Amino acid sequence: MKKSLIALAALAATGAFAQSSVTMYGVADLGVTNASGSVNSITKITSGNINSSRLGFKGTEDLGSGMSAKFVFEGDVQPQTGTGSVSAAPAANSSANNTSVVGTTGGFTFNRQATVAIAGGFGEVRLGRDYTPTFYIDAVYDPFGVNGVGTNAIFGNGNGTSVNHLRASNSVSYFLPGNLGGFSGQLMVATNNAASNATNPNDGKYTGGNVGYANGPISAHIGSSTYKLVASGDVTTTSYAASYDLGMVKLSGEISSDKFGAAALNQKIDGSLIGLTAPMGSGALRASLVSRKITKDGVTATNKFDQASVGYVYNLSPRTALYATYSTISNKGLSAVAVGGTTTAAGTSSSGTDIGVRHSF
């Protein structure tokens, strides 16, 4: 249950008294992951297997005339160690918008979201660090919500060279208003905050958007984005996804493509997902089938994998759940994708399980 923090917010020195509401919220998700590949195996305590562990604050102020001001500050937490996630060191010649802010443990930072927005009948204009339009499609149509061993391995196709596939810093977004009969849309532009005479003034810049329709049992989205990346060539991502809720089962699907420039030998990564979510008892069954294929200039060898995942979430209450997930990846040719942080040789298989508990507040 989310808890009002109006009294706590009043202690802040910068205008907190004007807030209409301030809320603290969070998720604590911990489990045991057991995974293996042909090279090694691992058993470890892991966080965020069905929902990312987090701590956040959000607030809204009524400005009158149907307008409001909003903010969100949200950061990763690692309950297994009591740490957060901090910014990694920037790569050589990287820009202010081409530096990872996830994956390195340390002090708590608001690396997940840090935004301020003005909303009204015109829609919403939001500034700061936020989710990208193409990631929205990945998260909504994957039955596993891109968490744990069940995460579809086509998620973040460009993540090897683009740290902004998931979120972008220094961004400005516009969202369509929510009264358009089920239609929605987002446009985002993210700058790199570099001067015009910098070595790579465009490195890390992002532009993208999505449009969607959701009404009754039907939902569909199309998204596209481009990252300016000097080292590996620009990455253009295109995603198409849809779902249909039959009541007893919800079916979903996604087709995703990442295209790189000449600096990466015109590499192309094509992925597809078929997903299923079905209410079962006090919880839900989740399953997905995923395929990914990589091609590039001058490489004729096969580079492909197939992934199958199944899991069950049992709700002890509206805020607390037990879960179990199993996933296996079969690699072909040059592909060497592994589950759960293990390593597997090209053309071999990898599998893993998550078992744990999630509590939200």
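Visitor: Why is Phe73 called partly exposed?

Guide: Its relative accessible area is 34%. Buried means under 20%, exposed over 50%, and partly exposed in between (1.4 Å probe, protein chains only), so at 34% Phe73 is partly exposed. Do keep in mind that this is a predicted model, where local features need pLDDT of at least 70 and side-chain atom pairs count only at pLDDT 80 or more. Residues are numbered from 1 along each chain as its sequence is written, and side-chain values use heavy atoms, leaving out hydrogens and water.

Visitor: What makes the pair of Phe73 and Phe110 tilted?

Guide: The ring centres are 5.4 Å apart and the planes stand at 50 degrees. Rings of Phe, Tyr and Trp (its six-membered ring) pair if their centres lie within 6.5 Å; planes under 30 degrees apart are stacked, over 60 edge-to-face, and the rest tilted. So 5.4 Å makes Phe73 and Phe110 a pair, and 50 degrees makes that pair tilted.

Visitor: Which parts does this pair tie together?

Guide: Phe73 lies in strand 5 (residues 67-78), and Phe110 in the loop between strand 7 (104-106) and strand 8 (113-120), so the parts are 37 residues apart in sequence. Strands here are DSSP runs of E with at least two residues, numbered from the N terminus.

Visitor: Is Phe71 buried or exposed?

Guide: Phe71 is buried, because its relative accessibility is 17%.

Visitor: Which residues do ring pairs link into a cluster?

Guide: Phe71, Phe73, Phe108 and Phe110.

Technical notes
Helix = DSSP H or I, 4+ residues; strand = E, 2+ residues; numbered from the N terminus.
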